[in-house]
Amino acid sequence: MKLISGHALLSITAPERPRYQFHSIMAYLGNDPPRTESVCALYGLRHNGKTTLILQAIRELLAQGKAPERICLYQGEKGDDFKLLIKELDTMWKTLDYLFIDDSHNFSNFILGSNYLYDILVRVFNKKVVIA
């Protein structure tokens, strides 16, 4: 599992032209209109721009002045254990406002533990969660 957070996010690159769904994801992240108690799920065929959309959203959050320390991007790698990600998130949820999980299909037990994202991070701690 690859973690990109804090000032490392400032060096990410993504195409300038916004993806078609860019405004929808920014509406979710900005509560415009208010959307509470939901996880934003990006899905589609391989190589159709889900990662690009995530990177563009992160870049826009940073451009809006959001603190890079409050944004976290996890990129799943084949065979990663989602339980380890949950343990890590348990230690850092207080310092996090936005969580992005890319390539969630690479986590061996993502489906079994994914309720944590909604039940705990979204409903209890009011975090914004985007998965792809």
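View 1. A disulfide is a pair of cysteine sulfur atoms within 2.5 Å, and a search of the whole structure finds zero of them. The model shown is a predicted one, in which local features need pLDDT of at least 70 and side-chain atom pairs count only at pLDDT 80 or more, while totals for chains, interfaces and linings use all residues. Residues are numbered from 1 along each chain as its sequence is written, and side-chain values use heavy atoms, with hydrogens and water left out. Cysteine 72 counts as buried at 0% relative accessibility.

View 2. Five strands form an open sheet in the order β1-β3-β4-β5-β2, with mixed pairing; strands (E, at least two residues) and helices (H or I, at least four) are DSSP runs, numbered from the N terminus. Two strands pair if DSSP finds at least two bridges between them. The edges are taken by β1 (2-5) and β2, each of which has a single partner strand, so one side of each is left without a neighbour in the sheet. In general, strands of a sheet pair through backbone hydrogen bonds, either parallel or antiparallel.

**View 3. Strand β4 between β3 and β5.** β4 pairs in the parallel sense with strand β3 (residues 71-75) over five bridges, and β4 also runs parallel to strand β5 (residues 128-131), to which four bridges join it. β4 is mostly covered, with five of its five residues buried. Tyr98, Phe100 and Asp102 point one way from the strand, and Leu99 and Ile101 point the other way.

View 4. Serine 104 is found in the loop between β4 (98-102) and α4 (110-113), and it is buried, with a relative accessible area of 10%. Which residues does serine 104 touch, leaving aside its neighbours within four places in sequence? Serine 104 is in contact (heavy atoms within 4.5 Å) with Phe110 and Ala132. Aspartate 103, found in this loop between β4 and α4, counts as partly exposed at 27% relative accessibility. Aspartate 103 has a phi near 55 degrees, a positive value in a residue other than glycine.

**View 5. Helix α1 and the residue after it.** In helix α1 (residues 22-30), the buried residues are Phe22, Ile25, Met26, Ala27, Tyr28 and Leu29, and the buried residues of α1 pack against β2, α2, β4 and β5. Just after the helix, asparagine 31 takes a positive phi of about 60 degrees.

View 6. Asparagine 126 lies in the loop between α5 (115-122) and β5. Is asparagine 126 buried or exposed? At 61% relative accessibility, asparagine 126 counts as exposed, and its phi is positive, about 60 degrees, although it is not a glycine.

**View 7. The largest pocket.** The pocket search uses a 1 Å grid over the protein atoms alone, and a pocket is an open set of points where a 1.4 Å probe fits, with protein on both sides within 12 Å along at least five of seven lines; lining residues have an atom within 4 Å of a point. Grid points are joined across faces, edges and corners, and a volume is the space filled by probe spheres set on the points. The largest pocket has a volume of about 340 Å³. Its lining has 14 residues, of which Arg46, His47, Lys50, Asp103 and His105 lie nearest its centre. This lining divides into three nonpolar, seven polar and four charged residues, where Ala, Val, Leu, Ile, Met, Phe, Trp, Tyr, Cys and Pro count as nonpolar, Asp, Glu, Lys and Arg as charged, and the others, Gly among them, as polar.

**View 8. The second largest pocket.** The second largest pocket has a volume of about 200 Å³, and its lining includes Arg19, Gln21, Cys40, Tyr43, Asn48 and Lys50. At least two residues of this lining come from each of β2 (40-41) and α2 (50-63). The lining divides into five nonpolar, four polar and two charged residues.

How values were computed: Buried < 20%, exposed > 50% of the residue type's maximum accessible area, 1.4 Å probe, protein only.
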